[in-house]
Amino acid sequence: MDAYDGPAPIVGGGSHVVENGTGGEMWNFAPVGGRCFGYVMSRYFAGLDLGRIAAREGGDWEEGDELPGVDVGFFARSGPGAPQVIVGCYLGATVFHRAYRRRPDPASGGDPIEYLCEVDEDDAFLLAPAERHWTVPYAPVDGRGYPGQSNVWYGGDATPAAAALTAKARTYLGSLRGRRPAGPGGRMPPDQDLIRAIEDRSMKAVRRHFRSLGYEVRFVHRDNVGWDMTATREGEELQLEVKGHLGEVVHFELSPNEYATMRARAATYRVCLVRNALARDEVEVLVPIHEGNGAWRLRGDGVLIELAERVGAKASQVA
C-alpha cells in the first residue's frame with residue numbers, strides 16, 4: 001500500500017486479505033482525533049506479548065496491560081518476490097498485552113475494526129513509496145534470528161544477527177523523527193477554544209437526549225460532585241457524566257472523583273459518550289458493570305468499554 005489511510009489494494013496481507021479484500025492495517029496511518037491506531041494480524045490473533053519487550057515491575061503482564069514508549073516499525077513487501085522493507089513507524093507508542101481493542105470502521109462507522117497499539121499522530125511517520133529502501137532480512141532466506149513468517153518480530157539479542165538488526169533498526173526508526181507526520185500536514189495541539197466547543201456541544205447533546213425522554217435536567221458540572229448533570233423523572237434520578245470526543249475512537253479518562261462516584265452510585269450513574277461531537281449529537285448511554293473479578297466495564301447498545309484502573313480509570317472499547 002502507498003498511503004495506509006483507507007481502502008486500497010494490499011499485497012501479501014495474508015489469508016484474511018485474500019478472502020475479504022480488506023485488512024485493519026490499511027488504516028494504520030489515518031489519524032483520528034489526533035491519534036493513529038496500529039493493527040497487525042498476530043499469530044492466532046493472540047496480540048502482542050509485552051514480556052518479549054520489557055519486564056513488568058511487580059509481576060507478570062496481564063491481558064490488556066499497557067506499555068508506553070515503544071518504537072514500532074511497520075514493514076511490508078511491495079509485491080510478490082519483492083524484499084520486505086520498512087514503510088513507516090510509530091515512535092513512543094503505547095502497546096497492549098495480549099489484547100486487541102476496537103474502534104468504529106473509519107469508512108462506514110459500522111462493524112468495529114481492531115488495533116493493538118496507538119500513538120499521537122505527530123509521532124507516526126509514513127515513508128513515501130520511493131523512500132522505502134531499508135530492507136528487513138527474512139529468516140527463511142537470510143538465516144536464524146531475523147523476522148520469519150510471523151507478522152510480529154520483537155528484536156532482541158537471541159542471536160548475534162538479531163542483536164545487530166535490532167540495533168540498526170532502532171537507529172533507523174529514530175532517524176525518521178522530524179519527517180512529516182502521517183495525515184495532512186501534521187497536527188496542531190488542540191487549543192482551549194476547541195476543547196470548550198467539544199464540551200459545550202456534548203453537554204447540550206446529552207441534555208437534549210434526556211429531555212426527549214421526559215427527564216428534567218440540571219447542570220452540576222461546577223459543583224465537584226463527580227458528575228456533570230442530574231436527570232430526574234417521576235422520582236427516578238440519574239447522575240450523568242459527559243464525555244465528548246473530537247473523533248470516533250473511545251479515548252477518555254474518569255477522574256478519581258468521577259471513578260469513585262461511579263462505583264458508589266453504579267445503579268444510577270451513566271457515562272454519556274458523544275463521538276465526533278462537533279459534527280454529530282448522537283449520545284451513547286453507558287451503564288457501569290461490576291465484573292466478578294473486581295474489574296469495571298461500561299456497557300451500551302452494542303458497545304463494551306473496558307476501564308483500566310489507575311488512580312481514576314482510562315477507557316477503551318473492547319467489543
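Visitor: What is the bridge partner of E253 in strand 16?
Guide: K314 is the bridge partner of E253. Strands here are DSSP runs of E, at least two residues long, and they are numbered from the N terminus.

Visitor: How many bridges join strand 11 to strand 16, and which way do they run?
Guide: Two bridges join them, and they run antiparallel. Two strands pair if DSSP finds at least two bridges between them.

Visitor: Is this an experimental or a predicted model?
Guide: This is a predicted model: local features need pLDDT of at least 70, side-chain atom pairs count only at pLDDT 80 or more, and totals for chains, interfaces and linings use all residues. Residues are numbered from 1 along each chain as its sequence is written, and side-chain values use heavy atoms, with hydrogens and water left out.

Visitor: What does strand 12 pair with?
Guide: Strand 10 pairs with strand 12 in the parallel sense, over six bridges. G244 stands opposite V274 there. Strand 13 (residues 284-290) runs antiparallel to strand 12, with three bridges. V271 stands opposite L286 in that strand.

Visitor: Is strand 12 buried or exposed?
Guide: Six of its six residues are buried. Buried means under 20% relative accessible area, with a 1.4 Å probe and protein chains only. On one side sit Y269, V271 and L273, and on the other R270, C272 and V274.

Visitor: New topic. How many disulfides are there?
Guide: Zero in the whole structure. A disulfide is a pair of cysteine sulfur atoms within 2.5 Å.

Visitor: What about the second largest pocket: which residues lie nearest its centre?
Guide: I195, I198, E199, G244 and H245 do, out of 36 lining residues. A pocket is an open set of points on a 1 Å grid over the protein atoms alone, where a 1.4 Å probe fits, with protein on both sides within 12 Å along at least five of seven lines; lining residues have an atom within 4 Å of a point.

Visitor: Which helix gives the largest share of that lining?
Guide: Helix 4, with ten residues. Helices are DSSP runs of H or I, at least four residues long.

Notes:
Buried < 20%, exposed > 50% of the residue type's maximum accessible area, 1.4 Å probe, protein only.
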